[in-house]
Amino acid sequence: MGFLMGTMLLGRGWRLQRRAVFSQFLQGGGLATYYLTIFTAYQFLTVMPRDVAFPLMVAVTVGAFFISLRQNRAIFAVIGVVGGLVTPLLVPFSINPLARTGYVFLILLGSWAIYGVKGWRSLLLSSFWLGWLMLIMFIGAYLHQLDQFRALQAQAILALTWLGFTVLPPWYEWRSHSQQTSPVPAGYGQTIALFNPLIALGCSAFLWGWSATVTARVFIVFGGLYLGTSLLWRRLAQPWRWVYGLTGLVLVAFGLVVLFSSHRLP
């Protein structure tokens, strides 16, 4: 019944694309019904095995991405990235923490690919906040299970996530301005620039158990890199130079505060 209802909502919304708001409401409800039906069948009714529920969840996510590109609607991409990122919580497909963090990174890659084509700010923000939240949850919950090799793999995922959210927004704005394809609102994508290195470095410090002195030095080094980028990279757009400069100052200031506080402690 759940699959039938979701299919009816999705099909009706697909046929009523000219009525944009009503069509999005129907199709979004259909996708949400699919997610809820799979979760209920697996978790509560136990009539669907995990090996079936998880691929179906992934299929719904891929379908949401396809609909968003086909109809040029950001809301479906947001539904897909949210549903895809919470899938490991709804259907725990593996006890391996790296499998879950790797899956989260794959969903982020999909959202980055769509953002690189469409430039939807809502998709960027939802993937940023929820993606980092999922990574923090999985790494924190399974920290005691990570040996040296697995910790390096987790660190690689953190580094790639930080790099993606660092490079993608300014690249899209630069490409949009150079090609003059669509206007880019002021401050587009820059709201995450300050939080991205703070979250990434905080996760790394938690993962490796850095001391206060090591944490402070790493923050100061990264702050210097951001400051150097803002001052020396001439091709960087003017708003981003200010944003990266401010981010560098915040990182250096945070590192100095931690360093001085650690020296004052007995």
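At 1.5 Å a residue, the 21 residues of helix α9 (residues 212–232) should span 30 Å, and the end C-alpha atoms of α9 lie 30 Å apart, which agrees; the expected span is 1.5 Å times one less than the number of residues, and helices are DSSP runs of H or I with at least four residues, numbered from the N terminus. The model is predicted, so that local features need pLDDT of at least 70 and side-chain atom pairs count only at pLDDT 80 or more, whereas totals for chains, interfaces and linings use all residues. Residues are numbered from 1 along each chain as its sequence is written, and side-chain values use heavy atoms, with hydrogens and water left out.

In α9, the residues Thr215, Ala216, Val218, Phe219, Gly223, Tyr226 and Ser230 are buried (under 20% relative accessible area, with exposed meaning over 50% and partly exposed in between, for a 1.4 Å probe and protein chains only). The face of α9 turned away from its buried side carries the exposed residues Arg217, Val221, Leu225, Leu231 and Leu232.

Ser23, which has its place in helix α2 (residues 20–43), is likewise buried, with a relative accessible area of 2%. When residues up to four places away in sequence are not counted, Ser23 touches Gly13, Leu16, Gln17 and Gln71, contact being defined as heavy atoms within 4.5 Å.

Terms used. Helices (H or I, at least four residues) and strands (E, at least two) are DSSP runs, numbered from the N terminus.
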